[in-house]
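Please take a moment to look over the sequence and the 3D model shown here, and then follow the text through its pockets and its charged pairs.

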Amino acid sequence: MPKRTISQAELEESGVFESDSEESEYEPTRHYDNEFQDVENQVIRYVMSRELKSQIIRREHITQLYSNRRINYDALITRVKLTLKEVYGLTLVVVPPKRGDKKNKSSHSNGKQQLMLTNCLSPEGRIVLQEIWLTDSEAGIPNNRNSGDNQYFLPKYNKTSSLGSNTDMVKTGVTLLIMSLLIISENHMSEYELVNGLKRFGLSDHPNFKNSSFNASLPDLINELVKKEYLDKEVQKDSNNVENVDYKLGRRSLVEFTPLSVFAYIKAVYGDDFDIDTEKKALTTIEKAYGISLDVVPAPALVPEQTSTQELDNHDPNPVNEQDDRDSS
């Protein structure tokens, strides 16, 4: 079978291979599709491994995985993001530069953007996962697969009636709580204020007390959130050489949690105490931190309920007796 010659224009139109002045011959097409798929899988494994280590991802990290292959970066990232979204509920997003970091700002302007993996599940998808997580089922799943099935060797299992331990879910909840406290405090809290705020929710600040719910002490958890850039930590020394530690929202918080989701969470935490003043503080900080304007339904004013005029007419505290009225006339 003769080799099939494909023009470079067709290759460029496919978006898979970078442009070149020469024409390309290949046989068969499936070979290049497999090669592209192989690189895609490598990139997915790589970005996930860096995410587990809380490391930022750069373009050069990805391109070095296929340095000897003619593959278009933009087309590759598009495919990687599609697979991440459909299979893992994740996506790659551009991370804003750190505050006051001129080097990072220039890198962003030169196209050397930093990337980060974040959750991109829709609200509906989150609800489905929650229902699956909370579903109580004792039904056994038999292993009736045939020998050609990839899951043939998996045994049957039972789902227990009790919830399992998921420290990541608890950490996410505590992270949102910390974000809420920071936002209500206009995105600035000293270490003392933050720790005391968390103590009001039952979290011990003792460095040797390991909370079994998230498998860490509170100081260790805060340090982990700083390392992963959910929080920004600022350390300054006063005239007596005493360190003053302050916290702000980190850039990972800004890309992983949407402004509306943060606002909704704060509203849920405060419940009936979420008044107009609290709403104004939350909206002002969110808009400054995210650089956007939120359009939300205003919180109701917490004022005493007024009695309607009709109710006053029906419940007059000093009713006039009709007989007395006739007697006076």
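**Pockets and salt bridges**

The largest pocket has a volume of about 1800 Å³. Here a pocket is found on a 1 Å grid over the protein atoms alone, as an open set of points where a 1.4 Å probe fits, with protein on both sides within 12 Å along at least five of seven lines, and its lining residues have an atom within 4 Å of a point; the volume is the space filled by probe spheres set on the points, which are joined across faces, edges and corners. The model is predicted, so local features need pLDDT of at least 70 and side-chain atom pairs count only at pLDDT 80 or more, while totals for chains, interfaces and linings use all residues. Residues are numbered from 1 along each chain as its sequence is written, and side-chain values use heavy atoms, with hydrogens and water left out.

Of the 44 residues that line the largest pocket, N119, R126, D168, T172 and E256 are the closest to its centre. Helix 6 contributes the most to this lining, with eight residues, where helices (H or I, at least four residues) and strands (E, at least two) are DSSP runs numbered from the N terminus. The largest pocket lies between domain 1 (33-98 + 112-127) and domain 2 (167-290), because both give residues to its lining; the domain bounds come from an automatic or database domain assignment. By class, this lining has 24 nonpolar, twelve polar and eight charged residues, if Ala, Val, Leu, Ile, Met, Phe, Trp, Tyr, Cys and Pro count as nonpolar, Asp, Glu, Lys and Arg as charged, and the others, Gly among them, as polar.

The second largest pocket holds about 160 Å³ of space. Ten residues line the second largest pocket, and Y73, I77, V94, Q113 and L115 lie nearest its centre. Helix 4 and strand 4 are the elements that each give two or more residues to this lining.

Turning to charge, the structure holds ten salt bridges, each a side-chain nitrogen of Lys or Arg within 4 Å of a carboxyl oxygen of Asp or Glu. One of them joins the side chains of R79 and E40 (3.4 Å, N to O), and this pair links distant parts of the chain, with R79 in helix 4 and E40 in helix 2, 39 residues apart. R79 is partly exposed at a relative accessible area of 31%, whereas E40 is buried at 2%, where buried means under 20%, exposed over 50% and partly exposed in between (1.4 Å probe, protein chains only).
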